[in-house]
Amino acid sequence: MTTYNIMLLPGDGIGPEITAEVRRVMAWVEKAHGVTFDVSEGLIGGAAYDAEGTPLSDETLDRAKAADAILLACVGGPKWDGKTAYDKRPEAGLLRLRKELDVFANLRPALCFDALADASSLKREFVAGLDILFVRELSGGVYFGEPRGIEDLPGGGRVGINTQRYTDAEIIRIARVAFEMARKRRGLVHSAEKSNVMESGLLWREEVTKLHDAEYSDVKLEHILADNCAMQLVKAPKQFDVILTDNLFGDILSDAAAMLTGSLGMLPSASLGDGGPGLYEPVHGSAPDIAGKGIANPLAAILSFAMALRYSLDMGDAADQVEAAVSQALNEVRTGDIWAEGFDRVGTTGMGDAVLKALG
Ligand code: IPM
Ligand code: MG
């Protein structure tokens, strides 16, 4: 019997509640597919800071590195905002994990489930059938660039510094992922940067073009300025197939696209490197305002587990089943964030029940 080592990092806020539903789906996959998930749990974010004095301990990191896949829920909350040293804030644990695992390719599908097209902030005809894949660079750029910090100025006052920095190698490896993904989809890549303002954006455009011309001329490549990309996303989102972008623009643009799909509570993500475990997390945050109430939508976390099945565990069939079950569950019940007239309003466990019922 195949055994997979899975590291669970429930994190903060609604993390533990939604992770509990993921565990139920994991148990179903074990039974249905005759595999064993050897689960190891760890602390990250504020929960880790409270218990261990750091948002990600070396011990947790080592266990994560040894796993086949890491399922993270979410980190952060007002309990720690501005109340911990900056390098000990919950988000620092997440960023360290991404960096140490060198998961440079963040795949964020923005898919509009037909049942949710009316929950979008755009009219149904603009979003029904929407299927965009963001390929966001995740381990470089301004998130990690040096120098950085807050310094006193000689004549008084202070300066905040961050550095946007990309090497050609970093650009090429993420662009390659985007072109490979596009080949399996509709064959179109929009590469978003600000080459009209930033040298790092100009290098991005040049390197993406070079790689495209040398190896991927069968894929259609469009360059788009990141601000225009934001506008086009809310104007005519269905023109996009794959959007390739850096760490910061990818963070912002993927949130905007998420909202088009009806709810941030629906979107999963996968972060992959060259070998090593993949890191799977919902795009949404820890939603401290509803934490502990049992009303959070667990579907993004469940869909993130489906991505783990597909990309790290070579169980594409099981991934298809979980995704289909989510679709089916949406035809019957809704959590508050996606509730609409005519549907039973359920909580976190109720949504888990509906997914398991659909799995059969
Ligand atoms: C995301 C989040 C993170 C990011 C935060 C929590 C550090 O917004 O995954 O999109 O900015 O990358
Ligand atoms: Mg974000």
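Student: Which way does α1 pass α12, in a left-handed or a right-handed crossing?
Tutor: α1 passes α12 in a right-handed crossing (the near helix is turned clockwise from the far one by less than a right angle), helices being DSSP runs of H or I with at least four residues. This is a predicted model, in which local features need pLDDT of at least 70, side-chain atom pairs count only at pLDDT 80 or more, and totals for chains, interfaces and linings use all residues. Residues are numbered from 1 along each chain as its sequence is written, and side-chain values use heavy atoms, without hydrogens and water.

Student: At what angle do α1 and α12 pack?
Tutor: Helix α1, residues 15-33, and helix α12, residues 348-359, pack at about 15 degrees with their axes 9 Å apart, and they are therefore roughly parallel to each other (angles under 35 degrees).

Student: And which residues meet there?
Tutor: From α1, E17, I18, E21, R24, V25 and W28 meet T348, T349, G352, D353, V355, L356 and L359 of α12, where contact means heavy atoms within 4.5 Å. The residues of this contact divide into six nonpolar, three polar and four charged, with Gly counted as polar.

Student: New topic: what lines the largest pocket?
Tutor: The lining has 16 residues, and P109, L111, M307, R310 and E323 lie nearest the centre of the largest pocket. By kind, the lining divides into 11 nonpolar, no polar and five charged residues.

Student: Which element gives the most to that lining?
Tutor: That is α10, with four residues; β4 (105-111), β5 (131-137) and α10 (299-311) each supply at least two, strands being DSSP runs of E with at least two residues.

Student: What counts as a pocket?
Tutor: On a 1 Å grid over the protein atoms alone, a pocket is an open set of points where a 1.4 Å probe fits, with protein on both sides within 12 Å along at least five of seven lines, and lining residues have an atom within 4 Å of a point.

Technical notes: Chains lettered and ligands numbered in written order. Axes fitted to C-alpha atoms, helices over the stretch in contact; angles between N-to-C directions. Parallel < 35°, antiparallel > 145°, perpendicular 65-115°, else oblique.
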